[in-house]
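Have a look at the model first, then follow along.

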Amino acid sequence: MAAVTRVPFPYPISIATHKCSLVHSISRSRVPEFSVIFSLKAKNLRRFSVVAMADLSKSTVLVTGAGGRTGQIVYKKLKERSDQYAARGLVRTQESKEKIDGADDVYIGDIRTAESIAPAIQGIDALIILTSAVPKMKPGFDPAKGGRPEFYFEDGAYPEQVDWIGQKNQIDTAKAAGVKQIVLVGSMGGTDPNHPLNSLGNGNILVWKRKAEQYLSESGIPYTIIRAGGLQDKEGGVRELLVGKDDELLQTETRTIARADVAEVCIQALNFEEAKFKAFDLASKPEGTGTATKDFKALFSQITTRF
């Protein structure tokens, strides 16, 4: 508040109990100073109200799996748009938190235990789920000898535990907390039980992902399910995005998408009613062909499938 020079009144007076005396006794020369004090106070009150309203207008969004390659991008994009979003992240370890330079808005929790993630979810408006089981390659594989590498999942990190139980815990906790929308990122290929990804580590990863997607679609919470194609570490915002259903895009030459584009679609899904209660496959044309997607409302409007 700006400094104000106080001009003493002729005698002590209580504003609360002597309103009439106050008006009667203040000389004309002192009215401007008194008015300045009140106008400054009113100005600050108005300023406080505007700030409070601005904070309320922000959407608080939690990104789970914020330490992953795609999750990091989503979290960073939300932080860059601090005028629109109050970003939160959820990671599994302190190491992951430090990796993304997380402050107090990054929580550490285990999605396999609902109680562990409740503090991160409490008070948010939207949830973006980017958690996923990750297969590891068995040691000893030599590409020079031919053959295919073998994969495994660590104990406690199988797709059933992460992609089903972990995502179910997130959905249930979000529903109990009154979250307004959930964006869930999955993978294309879920319509084929014999898809090669299911054989990795005998994890049936797409089967469990599909089960979590079905559960979300029946939860009653407004949702957006994004089944991404093969993820690429490339620049986003320079390709024409394609949406499809039931793995139809897997039968074409456009089966991949940049992680940065997936991240952008996750955030844009929070802005349009056309994205709610929708499930779709997502890929992109090769860079240099087509026109880079900028109109996300039009993109979401193409989608008619709820699951």
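Predicted model: local features only at pLDDT ≥ 70, side-chain atom pairs only at ≥ 80, totals over all residues.

Entry 1: A general reminder to myself: in soluble globular proteins, nonpolar side chains tend to be buried together.

**Entry 2: Leu282.** Leucine 282 is in contact with Met188, Ile226, Arg227, Ala228, Gly229, Leu241, Leu242, Val243, Leu249, Ile257, Val262 and Val265.

**Entry 3: confidence.** How far does the predictor trust its own model? The average pLDDT over the chain is 85, and 82% of the residues score at least 70. I marked residues 1-54, where the pLDDT is below 50; in the model this stretch has 27 contacts beyond near neighbours in sequence.

**Entry 4: the whole chain.** I counted 10 helices and 12 strands. Of the 307 residues, 40% are buried. The accessible surface comes to about 17000 Å², and carbon and sulfur atoms own 53% of that. Among contacts with a separation of 6 or more, 75% join residues 24 or more positions apart.

**Entry 5: the sheet.** In what order do the strands of the open sheet run? I read off eight strands, β3-β2-β1-β4-β7-β8-β12-β10, with mixed pairing. The edges are β3 (106-108) and β10 (241-244); each has a single partner strand, so one side of each lacks a neighbour in the sheet. On average, neighbouring strands here are turned by 25° against each other, direction ignored. Next I looked at what covers the strands: helix α3 (residues 69-80) lies across β1 (59-64), β2 (85-91), β3 and β4 (126-129), and runs at about 155° to β2.

Entry 6: Strands β10 and β12 (residues 278-284) run antiparallel and are joined by four bridges. Leucine 242 has alanine 283 of β12 as its bridge partner, and glycine 244 stands opposite aspartate 281 in β12. Which way do the residues of β10 point? Leu241 and Val243 point one way, Leu242 and Gly244 the other, and all are buried.

**Entry 7: Asn169.** Is asparagine 169 buried or exposed? Its relative accessibility is 13%, and because the cut-off for buried is under 20%, asparagine 169 counts as buried. I found asparagine 169 in helix α6 (residues 159-176). Leaving aside neighbours within four places in sequence, asparagine 169 contacts Ile111, Arg112, Thr113, Ala114 and Ile117.

**Entry 8: Arg306.** I finished in the segment after α10 (296-301), where arginine 306 lies. Arginine 306 has a relative accessible area of 51%; exposed means over 50%, so arginine 306 is exposed. With neighbours within four places in sequence left aside, arginine 306 still contacts Ser217, Tyr223, Phe277, Lys278 and Ala279. I also took a C-alpha distance: arginine 306 and glutamine 214 are 92 residues apart along the chain and separated by 10.0 Å.

Notes:
Residues numbered from 1 in each chain as written. Heavy atoms only, no water. Helix = DSSP H or I, 4+ residues; strand = E, 2+ residues; numbered from the N terminus. Buried < 20%, exposed > 50% of the residue type's maximum accessible area, 1.4 Å probe, protein only. Contact = heavy atoms within 4.5 Å. Areas by Shrake-Rupley, 256 points an atom, 1.4 Å probe, with all protein chains shown as cover. Pairing = 2+ DSSP bridges. Axes fitted to C-alpha atoms, helices over the stretch in contact; angles between N-to-C directions. pLDDT = per-residue confidence, 0-100.
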